[in-house]
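I opened this notebook to record what I looked up in one protein model, topic by topic.

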Amino acid sequence: VPRNWSIKIYEKCQSTPQTNFSIMTAVQAGAEECNGYLDYIVDYYDDLNSVTIFMHDDGLYPWSKWKGKHAHTPFYSFGQVVNATKEYLPPTQGYITMGVPTLIDNFGKDGYHGLAQKMLWPYFRTENITHPPSRISFKPSANMAVRREAIHLRSKSTYEALLKQARYSKDVPEHLDSRRVCCAMERMWHILFGESPDLPMETRVTDMMKQSGKLEYFKV
């Protein structure tokens, strides 16, 4: 890890990992990644670094290669993640995703997470995007880098409200569990951070690396 970068671990499961890095325990967060990501944004909203990389604990390829071509990222080390961020996230851009496949989702239609998408949409609406899109393209797993300015496109209260939906919807009888809410979030993070529903090429790091021949170490 470059010396001018820091790692913060949000422990969301049953045990505390043995690590030299800072651990933030997200109380009652549930095991899905959107809880930890939203916890971090709410905790640090007024003190964000210029760039934040959000990653799963198994975000690097050696830990998710069992997924084959649907591995979380193609990167073998956090150093490679940092280098890709420096190369593909210019100062004028707010967001990049490091997932591998690009998938299409018909908004609100999926029987598992569709209702959650509809429930969350008011938090994603903007002056330019006033109605839910008919479809969304996204890269699964939500391993991404985001500039402070892109996070600040939404108010802190918006992230707090999203966090409450992800954390407490399960407490409403016959309502949505945390995983369904986070599956909906997984498809819409880029919209939250100011990108169009159809994921722009300039945000898709692995696709740009493939085009330029820089993805030779992704051996699947």
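This is a predicted model: local features need pLDDT of at least 70, side-chain atom pairs count only at pLDDT 80 or more; totals for chains, interfaces and linings use all residues.

The entries below follow the order in which I consulted the structure.

**Entry 1**

**Entry 1. Disulfide**

I searched for cystine links and found one disulfide in the structure. I recorded its members as Cys-34 and Cys-182, with 1.9 Å between the sulfur atoms. Cys-34 belongs to helix H1 (residues 33–44) and Cys-182 to helix H7 (residues 178–186), so the link ties together parts that are 148 residues apart in sequence. I then read the torsion about the S-S bond as -65 degrees, which makes the link of Cys-34 and Cys-182 left-handed. I checked the accessibility of the two partners and found both Cys-34 and Cys-182 buried.

I also looked at Cys-183, which takes part in no disulfide. The nearest cysteine sulfur to that of Cys-183 belongs to Cys-182 and is 7.5 Å away. A pair would need its sulfur atoms within 2.5 Å to count. Cys-183 has a relative accessibility of 12% and therefore counts as buried.

**Entry 2. Salt bridges**

I took up Asp-39 and Arg-167, whose closest N and O atoms are 2.3 Å apart in a salt bridge. Asp-39 sits in helix H1 and Arg-167 in helix H6 (residues 156–168), so this bridge joins parts that are 128 residues apart in sequence. Are Asp-39 and Arg-167 buried or exposed? I found Asp-39 buried, and Arg-167 likewise.

I turned next to Asp-105 and Arg-187, whose side chains form a salt bridge at 3.6 Å, N to O. This pair links distant parts of the chain, 82 residues apart. Asp-105 is in strand E5 (residues 103–106), while Arg-187 is in the loop between H7 and helix H8 (189–192). I noted that Asp-105 and Arg-187 are both buried.

I then examined Arg-204 and Asp-207, whose side chains meet in a salt bridge with an N to O distance of 2.8 Å. Arg-204 has 17% relative accessibility and therefore counts as buried. Asp-207 is buried as well, at 13% relative accessible area. On tracing shared partners, I found that salt bridges join Asp-105, Glu-186 and Arg-187 into one network.

**Entry 3. Thr-206**

I located Thr-206 in helix H9 (residues 205–211). Its relative accessible area is 0%, so Thr-206 is buried. Which residues is Thr-206 in contact with, leaving aside neighbours within four places in sequence? I listed Pro-74, Met-98, Gly-99, Val-100, Lys-139 and Leu-215.

I looked further at two of these partners. Pro-74 is 132 residues from Thr-206 along the chain, yet their C-alpha atoms are separated by 7.7 Å. For Gly-99, I found the backbone oxygen 2.7 Å from a polar atom of the Thr-206 side chain.

**Entry 4. Aromatic rings**

I counted twelve aromatic pairs. I looked up two of them in detail.

For Tyr-37 and Phe-54, the ring centres are 5.0 Å apart and the planes stand at 50 degrees, so I logged the pair as tilted. I found both Tyr-37 and Phe-54 buried.

Tyr-61 and Tyr-76 form another tilted pair, at 5.2 Å centre to centre and 55 degrees between the planes. Tyr-61 is in helix H2 (residues 61–64) and Tyr-76 in the loop between H2 and helix H3 (78–88), 15 residues apart. I noted a contrast in accessibility: Tyr-61 is buried at 6%, whereas Tyr-76 is partly exposed at 31%.

I then asked which residues form one aromatic cluster. The members are Tyr-10, Tyr-37, Tyr-40, Tyr-44, Phe-54, Tyr-95, Trp-189 and Phe-193.

**Entry 5. Charge over a ring**

Finally, I looked up Arg-180 and found its charged end over the ring of Tyr-112, 5.6 Å from the ring centre.

Notes:
Residues are numbered from 1 along each chain as its sequence is written. Side-chain values use heavy atoms; hydrogens and water are left out. Helices (H or I, at least four residues) and strands (E, at least two) are DSSP runs, numbered from the N terminus. Buried means under 20% relative accessible area, exposed over 50%, partly exposed in between (1.4 Å probe, protein chains only). A salt bridge is a side-chain nitrogen of Lys or Arg within 4 Å of a carboxyl oxygen of Asp or Glu. Contact means heavy atoms within 4.5 Å. A polar contact is a pair of N or O atoms within 3.5 Å; within protein, one must be able to donate a hydrogen and the other to accept it, and residues adjacent in sequence count only if both atoms are side-chain atoms. Rings of Phe, Tyr and Trp (its six-membered ring) pair if their centres lie within 6.5 Å; planes under 30 degrees apart count as stacked, over 60 as edge-to-face and the rest as tilted. A charge sits over a ring if NZ of Lys or CZ of Arg is within 6 Å of the ring centre and within 35 degrees of the ring normal.
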